[in-house]
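Please read this briefing alongside the sequence and the 3D view.

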Amino acid sequence: MQQHATFSQVTLITPTAAMSPLVHGGRAKCLQRLLRLDMPVPTTVALSFEAVSNIARGNLPDIAQILEPFGTAPLLSVRPSSLDPDWGGPGAILNIGMNAARYEAMIGDIGQAAATALYLRFVQSYAIHVARLDPDAFDLPDDPSPSALLAMLAAYEDETDAPFPQDPAVQLTEVLRSMARAWDGTTARLLRQAKGAPVDAGLGLVVQAMAMGVGQGICGSGVIQFVNAVTGVPQITGRYLSQSQGRDALTAETGAIYLTRDPRGGSLQDECPEAFEKLLDYGTLCRQRLREEMQIEFTLDGGRLRILDAVRVQRSSRASVSIAVALATDGVIPKDEAVMRVDPGALSELLHRQVDPSAPRDRIVTGIAASPGAATGRIVFTANDAQASAARGEACVLVRRETSPEDIRGMHAAQAVLTVRGGITSHAAVIGRGLGLPCVVGASDLEIDRKKGVMIAPGGRTFREGDIITVDGTSGQVLAGEPAMLEAALDGAFQTLLSWADEFRDIGVRANADTPADAQTAKNFAAQGIGLCRTEHMFFEGDRLGVMREMIFANTASDRRSVLDRLLPMQRADFAALFDIMQGKPVCIRLFDPPLHEFLPTDKQGLRDLAEQLALPMAEVEGRVDALREYNPMLGMRGVRLGITVPEITEMQARAIFEATVEISRKGAPVVPEIMIPLVSAMREVELVKGRIDAVAAAVRAETGVDFTYRLGVMVETPRAALRAADIAQHAAFLSFGTNDLTQMTYGLSRDDAGRFMSAYVQQGVFPEDPFHTLDVEGVGELLSIGAERGRQSRPEVVLSICGEHGGSRVAIAFCRAHGFDYVSCSPFRVPVARLSAAQLAIIDRRSLNLSS
């Protein structure tokens, strides 16, 4: 096959052939690299993405051209070659070209039993995966006898009304057509999209001469890798099976042996030490020259080693980090490449919680631990119910007899998956690991009655839809209720990777933290401060709710101040704890935001209890509650509006902040608190609140004799605030864009109700994504851009940030970097993800700049 400067649709893989992973896929390109390293790779032909796409549409390549390099009577295998091996593809088909004539010839070479077994396996594989016949009719017999072979061939003819094809060209044609069409199927597309593949991802195919692994002398097949796939630490793992092909060694229940010497049984190192040493050399060579940890698939044919394939080691998130750091530490790759190699989502998986070992465990059942981590949620029995639960913001556990590709969307929506059937390689297990979703499979002691909506455990214990359970994908246990959890322990590689990321990152990352525990988590993850502390959450704790209700029912400003004086020391302690933990890092405290009715009961019993607590008639309590009720409370008297009309709350909070500032400053840690006014829409609102806060600050300075500074800013949550940012910035040291409310107000859409129709909107292309999950850079982003530009025109030194739930997302970080924002703020557990994403974006920009210069 002649090679041209342009890429051919059909290419014989040689060290100098014109090939690209973007054209032929990763497997094909890797085989070429192995040839360049002088590894013994069998003859291989690559079919490009375009060629396979044409095959799926019925336009076949020249089959004779493909077969030419393999000589007469070849035995071949066909494997998929996508751009990213993690995207999967149709399964490999082995021994193409096996027919009656080749069967008779092989009997003399390897014996009747071995030849018959090979022919049987090919007929079975061809019938099921190529002809798409019922698998039940093609079970492999325990005894691979000639009569069993004749029976299987007859079964094929009965099912297809045609004899089993004998022409290798016909066999190869049908295999190629079947694999090409399988890639274009709906199920395959959904599976690879769940792993991050684009909709138009292409598939290449590699046609390779079979290295038999069956015959005289030392023959067999195996797989070897040189790191632990879970931890990423150096470790030789894999298996070898005598008289086998492909990846049989990994699935064989008996007969497979270890690779390295092991007291438990035989090993390849003992049986064929020369081949073993070569494999070690090849592993080192792959690591150094391919700059990756590879899994090598090999065959021994009469003691002769052949390398069939080498793929990137499948790895856990923890191993992904460890391997990248180790490669950089050893000088194999630079630090920036190590940072780029780790998917930020992998860090999220590392942060998964685990069930506290000391917590009581109310065990329901034990299955197979298929995907690590633990999660709690309400039971749902269908994928649709899981999606509906997610739309309501309720955590759920998807419980199924077994999952299928149609359940993928539901698995995306669930916090964990539990199945009655399946094993470690079942659909639920594979997808669960791919998604980083805690998963337990094979819980065969469970029964599911979907009509009644119940799950029946051993002993008759019944759990209904909506009941809370916990799936521990690490131990395989399913627990009733919500046991105590432990946060994930992070190793040195994790910290090293993030320290490298910080060297490249050019935007700040803070955390949203409402409690001392949140603040400590933020500090542990090296957040550069607290970008949003929502103080209203503090008022729901312990006895504070009762005091808050007393304040709401107070009739005069003096009475309100008296009640709030009881809350003052509690708030002061809250803020002092935050300042103490953050040790001089900025802490941005948002003043009281929610409408007052949120602190009042809504049911009769709650109202009666409140009337008793306040020693007021029930009618008066009901009247006051009704008076506070609003038609649209999220657009009513909340935020700055409440601060202006009920200024005693703002004054109490300001005093608590400043007294805490003085207290911690006396310990030697410098504290410069940031106070943020929520829901602003006009400059005059800021002026009024600023006047009161300045007065409180002056009073605290006079009372304590301690001087301090503070910074006052605005949370930009209304479209008008973004449009009038030039006015507002005159009185604000910082503008922090609260994208949650800003998205609601820009769309005129409640995020609490959007789930009812958002899925349909996204599916029909009204919105590309749910704007509450992914920042709308075109609509909401334009308001952010306008606000930032006008704010800086008025006050060049104003600090800009995002502090909504979007803050930790890659899209939002990219937007903020492009528009000159100073930092993003996100939940504590998203801080590592944000740090890594920000670094990767900076590295990408730097590389682009270098290419253009």
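At 2% relative accessibility, Asp309 counts as buried, a term for under 20% relative accessible area, with exposed meaning over 50% and partly exposed in between (1.4 Å probe, protein chains only). The model is predicted, so local features need pLDDT of at least 70 and side-chain atom pairs count only at pLDDT 80 or more, while totals for chains, interfaces and linings use all residues. Residues are numbered from 1 along each chain as its sequence is written, and side-chain values use heavy atoms, with hydrogens and water left out.

**Salt bridges**

- Side chains of opposite charge can pair when their charged atoms come close.
- The whole structure holds 46 salt bridges, each a side-chain nitrogen of Lys or Arg within 4 Å of a carboxyl oxygen of Asp or Glu.
- Asp309 pairs with Arg27, with 2.6 Å between the closest N and O atoms.
- Arg27 is in helix H2 (residues 26-36) and Asp309 in strand S9 (residues 304-312), so this pair ties together parts 282 residues apart in sequence; helices (H or I, at least four residues) and strands (E, at least two) are DSSP runs, numbered from the N terminus.
- Arg27 counts as partly exposed, because its relative accessibility is 21%.
- Glu297 and Arg79 form another salt bridge, their closest N and O atoms being 3.0 Å apart.
- That pair links strand S8 (residues 294-301), which holds Glu297, to strand S3 (residues 76-82), which holds Arg79, 218 residues apart.
- Glu297 is buried at 4% relative accessibility, and Arg79 is buried at 7%.

**Helices H5 and H6**

- The axes of H5 (residues 100-110) and H6 (residues 112-130) come within 7 Å and cross at roughly 145°; axes are lines fitted to C-alpha atoms, for helices over the stretch in contact, and angles run from 0 to 180 degrees between N-to-C directions.
- Residues making the contact include Tyr103 and Met106 of H5 and Leu118 and Tyr119 of H6, where contact means heavy atoms within 4.5 Å.

**Helix H30 and what follows**

- Buried residues of H30 include Thr739, Leu742 and Gln744.
- The buried residues of H30 pack against several elements, among them strand S27 (711-716) and helix H32 (780-794).
- Gly748 follows H30 and has a positive phi, near 65°.
- Phe757 is in the loop between helix H30 (739-747) and helix H31 (758-763), and counts as partly exposed at 30% relative accessibility.

**A buried loop residue**

- Ala457 sits in the loop between strand S18 (454-456) and strand S19 (462-464).
- Ala457 is buried, because its relative accessibility is 5%.
- Beyond its neighbours within four places in sequence, Ala457 is in contact with Ile364, Asp445, Leu446 and Phe463.
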